[in-house]
Amino acid sequence: MSVKLDHGSDELAENHEINVTPFIDVMLVLLIIFMVAAPLATVDVPVDLPVSTAERQSKPDTPLYLTVKADLSFVLKDAPVTRPDLGKALDTATGGKKDERIFLRADKTVPYGELMQAMNLLRTAGYLKVALVGLEQ
């Protein structure tokens, strides 16, 4: 730090430097405001998902469909299945092969939480390859 020891004149010398400290303080405050406000702005975003335009994937010769009907009951292939018996019915239908893909389809009136419960039941039974089935346009 330097100090001027000459007090000979009472005139103040012109200072041609810009004090950027207040500018930096304002920018930091704005940065903090945007960092806090940006995640809050995406909480209540309405979502209207479009229909998939992806190319059709090849299906196996005999796909194994698990259907969640509008009354929240399960149907494996064409036979009704209760929730506790789902794991046993899947083991019987796949011959115990846990790596077989299960095609999960649900009525569009089925709540999202119920669909997630069906996926959790599949995971609990050991079937991790789940494909969601939808209509194509």
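Which residues point one way from β1, and which the other way? In this predicted model, Leu64, Leu66 and Val68 go one way while Tyr65 and Thr67 go the other, and all are buried.

**View 1. Strand β1 is mostly covered.**

**View 2. β1 pairs with β4 in parallel.** Here β1 sits beside β4 (residues 102-106), with 5 bridges joining the two. To get your bearings, pick out Leu66: its bridge partner in β4 is Leu104.

**View 3. β1 also pairs with β2, this time antiparallel.** β2 covers residues 74-76 and is joined to β1 by 3 bridges. Val68 has Phe74 as its bridge partner in β2. The two strands form a hairpin with 5 residues between them, and Leu72 there takes a positive phi near 70 degrees.

**View 4. Tyr65 and Phe103 make the 1 aromatic pair.** Their ring centres are 5.6 Å apart and their planes meet at 50 degrees, so this one is called tilted: stacked would need under 30 degrees, edge-to-face over 60. The pair ties together distant parts of the chain, with Tyr65 in β1 and Phe103 in β4, 38 residues apart. Both Tyr65 and Phe103 are buried.

**View 5. Arg105 sits over the ring of Tyr65.** Stay with Tyr65 and look for the charged end of Arg105, which lies 4.2 Å from the ring's centre.

Note on methods. Residues are numbered from 1 along each chain as its sequence is written. This is a predicted model: local features need pLDDT of at least 70, side-chain atom pairs count only at pLDDT 80 or more; totals for chains, interfaces and linings use all residues. Side-chain values use heavy atoms; hydrogens and water are left out. Buried means under 20% relative accessible area, exposed over 50%, partly exposed in between (1.4 Å probe, protein chains only). Helices (H or I, at least four residues) and strands (E, at least two) are DSSP runs, numbered from the N terminus. Two strands pair if DSSP finds at least two bridges between them. Rings of Phe, Tyr and Trp (its six-membered ring) pair if their centres lie within 6.5 Å; planes under 30 degrees apart count as stacked, over 60 as edge-to-face and the rest as tilted. A charge sits over a ring if NZ of Lys or CZ of Arg is within 6 Å of the ring centre and within 35 degrees of the ring normal.
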